[in-house]
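Here is a short tour for someone meeting this model for the first time. Have a look at the sequence and the fold, then read on.

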Amino acid sequence: MADINDAITQNLDLAALMADALYALGSADECQRAFEALRSLTVCDPTVGSGAFLLAALDVLDPLYTAVFNRAEEIAAGGGGACPAFLAEGRGPPSARNGVVK
């Protein structure tokens, strides 16, 4: 059985793989669960240096949040089901969307 170590050994672009999986979500419920999983992540920079580590983490997480938001908006616009609850948080001015990543 393949695991994360195999993916790293194969030098897969895990961020692109994850974004592709998020763009393929099929329902509002799946989008909601993906959003909640992303929201539950915690990033710790124990060295508290220049912030480069945290900015790099944001570079990985931001496209994933974008993928979930975009897919949720596609599903909501297509009338294929209920609108995910988190989608209302991302609507409005761009600064409101930026507050989703905390």
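This is a predicted model: local features need pLDDT of at least 70, side-chain atom pairs count only at pLDDT 80 or more; totals for chains, interfaces and linings use all residues.

Residues are numbered from 1 along each chain as its sequence is written, and side-chain values use heavy atoms, with hydrogens and water left out.

**The overall layout**

The chain has six helices and zero strands, where helices (H or I, at least four residues) and strands (E, at least two) are DSSP runs numbered from the N terminus. Reading along the sequence gives the pattern α-α-α-α-α-α. Of the chain's 102 residues, 26% count as buried. Buried here means under 20% relative accessible area, exposed means over 50%, and partly exposed is in between (1.4 Å probe, protein chains only).

A contact means heavy atoms within 4.5 Å. Take the contacts between residues at least 6 apart in sequence: 62% of them join residues at least 24 apart.

The buried residues of α4 include Ala 57, Leu 61, Leu 64, Val 68 and Ile 75.

Leaving aside neighbours within four places in sequence, Leu 38 is in contact with Leu 22, Leu 61, Leu 64, Tyr 65 and Val 68.

**The aromatic rings**

A pair of aromatic rings is described by the distance of the centres and the angle of the planes. Rings of Phe, Tyr and Trp (its six-membered ring) pair if their centres lie within 6.5 Å; planes under 30 degrees apart count as stacked, over 60 as edge-to-face and the rest as tilted. A search of the whole structure finds two such pairs:

| Pair | Centre distance | Plane angle | Type |
|---|---|---|---|
| Phe 35 and Tyr 65 | 6.0 Å | 80 degrees | edge-to-face |
| Phe 35 and Phe 69 | 6.0 Å | 85 degrees | edge-to-face |

Phe 35 lies in helix α3 (residues 28-39) and Tyr 65 in helix α4 (residues 52-77), so their pairing ties together parts that are 30 residues apart in sequence. Phe 69 also lies in helix α4, so its pairing with Phe 35 in helix α3 ties together parts that are 34 residues apart. Phe 35, Tyr 65 and Phe 69 form one aromatic cluster.

Is Arg 71 buried or exposed? At 18% relative accessibility, Arg 71 counts as buried. Arg 71 lies in helix α4 and touches Leu 22, Tyr 23, Ala 24, Leu 25, Gly 26 and Cys 31, not counting residues up to four places away in sequence.

A salt bridge is a side-chain nitrogen of Lys or Arg within 4 Å of a carboxyl oxygen of Asp or Glu. The whole structure has one. The side chains of Glu 74 and Arg 71 meet in a salt bridge at 2.9 Å, N to O. Being three residues apart in helix α4, Glu 74 and Arg 71 are separated by about one helical turn. Glu 74 is partly exposed, at 45% relative accessibility.

**Cysteines and Val 60**

How many disulfides does a search of the whole structure find? It finds zero, a disulfide being a pair of cysteine sulfur atoms within 2.5 Å. Cys 31 is buried, with a relative accessible area of 0%, whereas Cys 44 is exposed at 55%.

Finally, Val 60 sits in helix α4 and is partly exposed, with a relative accessible area of 43%. The C-alpha atoms of Val 60 and Ala 16 are separated by 9.4 Å, with the two residues 44 apart along the chain.
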